[in-house]
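Reader: Hi! I'm just starting to learn how to read protein structures, and I'd like a close look at a single part of this one. Could you walk me through it slowly?

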Amino acid sequence: MSVFLPETILNWLPDTIQLFYLVATAFFIRGVKLLNSPGTARKGNQFAAIGMMIGVLVTLFDQNIVEFELIIGGIVIGGLIGLLLAKKVQMTSMPELVAVFNGFGGAASALVAWGELARKPEILSFDTTGLVSIGLSVFIGALTFTGSFIAFGKLSGFISGNAITFPGLNMINIGAMIATLGLIGYFAFDPTNSTLFWVILGISLLVGVTSVIPIGGADMPVVISLLNSYSGIAAAMAGFVLQNNLLIVSGALVGAAGLILTNIMCKAMNRSLSNVIFGSFGGVAGGSAGIRDGDKNVHETSAEDLAIQVAYASKVVIVPGYGLAVAQAQHIVKEVATKLESRGVQVKYGIHPVAGRMPGHMNVLLAEADVPYDLLKDMDEINPEFTTTDVVLIIGANDVVNPLAKTDPTGPIYGMPILNVDDAKRTVVFKRSLSVGYAGVDNPLFYAEKNQMFFGDAKKSLQALNEALNEV
Amino acid sequence: MEVDLTLLLFIFVLASFIGFELISKVPPTLHTPLMSGANAISGITIVGALIVAGSLGNPLGKWIGFAAIILATINVVGGFMVTDRMLEMFKKKEDEK
């Protein structure tokens with residue numbers, strides 16, 4: 001686009017572009033900051049989008065860019081696909097979508113580095129820094145790409161959510177990563193050896209697969225968050241290849257912010273990052289372990305029984321979990337809650353930090369079902385309220401209400417903060433069976449004297465309860 | 001424009017520190033949108049893709065750049081829009097009360 005500008009401006013153009021990049025960076029930083037709190041988050045996202053728009057528009061004036069057919073074509077195709085995906089996706093599939101976008105971002109950075117290498121007619125025109133940056137960008141970008149798609153596969157059920165691993169796999173992965181770094185160094189000395197480039201690309205793609213596949217399905221959100229951090233670093237590396245400040249700054253920003261966010265999520269799950277990556281811990285919720293102790297008794301309830309209990313209660317707390325998200329029962333929960341409220345029952349929702357399929361996911365799902373935001377209570381807010389609660393409806397949640405987290409120091413979930421539902425007068429667990437949760441431990445709450453089990457699919461059970469409420 | 005490597009490293013490291021400082025006490029409610037928003041920003045690699053696809057050179061390199069533009073644009077457009085869709089749902093509820 002620079003051809004449209006008068007000669008006098010052309011002299012200033014490179015500096016002007018840099019200044020606009022600085023403005024774009026400021027928008028990114030401000031945007032991420034605003035994304036930190038609920039009141040300003042939407043504005044923050046818009047700030048970041050404006051920053052991106054500035055960055056793209058200004059780049060079009062770069063004097064090196066002389067052909068626009070591919071650019072226009074690429075933006076139109078990519079824009080339409082992105083638009084469609086963003087509009088059509090179900091909120092329950094949010095984790096999968098983020099994984100897919102993330103994979104594309106990583107792949108794009110690897111392609112930028114590869115394209116730059118292929119585009120330059122003389123490979124020796126790259127200096128050592130350029131070649132190392134190309135190698136790193138391809139490595140991290142390709143790893144992010146395949147890793148994200150394995151994560152997507154695990155979340156959507158194409159690939160078993162269980163930890164697929166064998167002894168020594170972690171060591172092999174670490175070895176392969178170190179070997180790749182060595183190869184990148186070698187590539188910088190011998191750039192004409194194109195086999196080297198293909199080997200680096202090949203190993204990187206493979207390592208993405210083998211390092212994500214041993215991680216359990218329930219840990220995928222943390223993995224995606226970490227891979228998101230990687231895709232930022234890959235973008236920064238591509239920035240080193242092109243000597244582009246905007247790429248370096250924004251890439252580093254996302255890389256670091258993603259790492260911190262990953263850490264916050266790990267803390268919410270009471271796990272360390274290395275435990276998530278190397279621990280091979282747990283699969284998806286479910287399984288069919290059944291009752292392991294024959295002499296333990298559970299009290300079963302029916303829709304009609306439960307309808308009477310909740311209809312005449314004064315305060316009901318709903319604890320939604322992963323199972324509710326899977327059954328897509330968030331709308332019917334809202335209907336039941338509305339019916340109870342119209343009878344004068346006080347209804348609140350207790351949300352554990354890791355409820356849903358990724359941290360914060362449950363809040364998004366309930367918001368989509370029009371549940372008022374102020375009824376969603378964080379764990380710290382709702383815990384003191386259980387003592388005055390008549391009935392707690394636990395729908396598709398298990399480990400987050402397991403008292404063993406407080407009482408069994410040897411158990412795998414010991415120390416995880418839980419919702420103290422056993423303080424309430426009565427608890428009702430909506431669940432298909434008595435199977436263990438993803439942590440693989442039995443839940444004594446199911447057998448407690450004041451607990452009742454409502455067996456069945458969460459959505460069907462709630463529909464039955466909803467109809468039964470009409471009869472009360 | 002020739003830039004010296006130390007300067008680029010300087011920028012990289014300082015920007016990383018800003019990134020570490022930016023995310024502080026995020027409420028769990030915002031984990032999902034924040035992740036998807038940060039993800040959209042990592043699509044900044046689109047700027048690099050534009051340069052690769054639009055500059056003169058070997059056609060193979062330019063077509064690779066073209067593929068990069070498509071993927072990066074999906075990441076950017078999709079990422080920002082879906083984040084906005086999520087945050088809009090929160091916003092709506094707060095306005096009503």
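This is a predicted model: local features need pLDDT of at least 70, side-chain atom pairs count only at pLDDT 80 or more; totals for chains, interfaces and linings use all residues.

In which loop of chain A does Asp370(A) lie?

Author: Asp370(A) lies in the loop that links α14 (361-368) to β3 in chain A. Its phi angle is near 65°, a positive value in a residue other than glycine. Asp370(A) has 14 other C-beta atoms within 10 Å, and therefore counts as partly exposed.

Let's follow the chain from that loop into the sheet. In chain A, β3 belongs to an open sheet of six strands, in the order β3-β2-β1-β4-β5-β6, and the pairing is parallel. β3 (376-378) and β6 (451-455) of chain A stand at the edges with a single partner strand each, so each of them has one side without a neighbour in the sheet.

Strand β5 (residues 426-431) of chain A is joined to β6(A) by five bridges, and the two run parallel. One residue pair to find there is Phe430(A) with its bridge partner in β6(A), Phe454(A).

Ile395(A), leaving aside its neighbours within four places in sequence, is in contact with Phe430(A) and with several others, among them Ile318(A), Val319(A), Pro320(A), Val333(A) and Ala458(A).

Helix α13 (residues 330-342) of chain A lies across β1 (315-320), β2 (346-351) and β4 of chain A, and runs at about 175° to β1(A). Another one to look at is helix α11 (residues 303-311) of chain A, whose buried residues are Leu306(A), Ala307(A) and Val310(A). They cover an arc of only 105° around the axis, which means that they are on the same side of α11(A). There is a simple rule to remember here: an α-helix has 3.6 residues a turn, so residues three or four places apart point the same way. The buried residues of α11(A) pack against β1, α13, β4, β5, β6 and α17 (458-471) of chain A.

Go back to β4 for one more loop. Pro403(A) is found in the loop between β4 (391-395) and α16 (404-407) of chain A. Like Asp370(A), which is partly exposed, Pro403(A) counts as partly exposed, because it has 15 C-beta neighbours inside 10 Å. Leaving aside its neighbours within four places in sequence, Pro403(A) is in contact with Asp422(A), Pro444(A) and Leu445(A).

Finally, let's step back to the whole chain. Chain A has 17 helices and six strands, and 51% of its 472 residues count as buried. The C-alpha centres of its domain 1 and domain 2 lie 38 Å apart. Ten residues of domain 1 of chain A are in contact with 14 residues of domain 2 of chain A. On the domain 1 side, the elements that give two or more residues to this contact are α4 and α9 of chain A.

Chain A has 102 residues in contact with 81 residues of chain B. On the side of chain A that touches chain B, α14 is one of the elements of chain A that give two or more residues. The most comes from α9(A), with 19 residues.

How values were computed. Residues are numbered from 1 along each chain as its sequence is written. Chains are lettered from A and ligands numbered from 1 in the order in which they are written. Helices (H or I, at least four residues) and strands (E, at least two) are DSSP runs, numbered from the N terminus. A residue is buried if 20 or more other C-beta atoms lie within 10 Å of its own, exposed if 12 or fewer, and partly exposed in between; C-beta atoms are placed from the backbone. Two residues are in contact if their C-beta atoms, placed from the backbone, lie within 7 Å. Two strands pair if DSSP finds at least two bridges between them. Axes are lines fitted to C-alpha atoms, for helices over the stretch in contact, and angles run from 0 to 180 degrees between N-to-C directions. The arc is that of the directions from the helix axis to the C-beta atoms. Domain bounds come from an automatic or database domain assignment.
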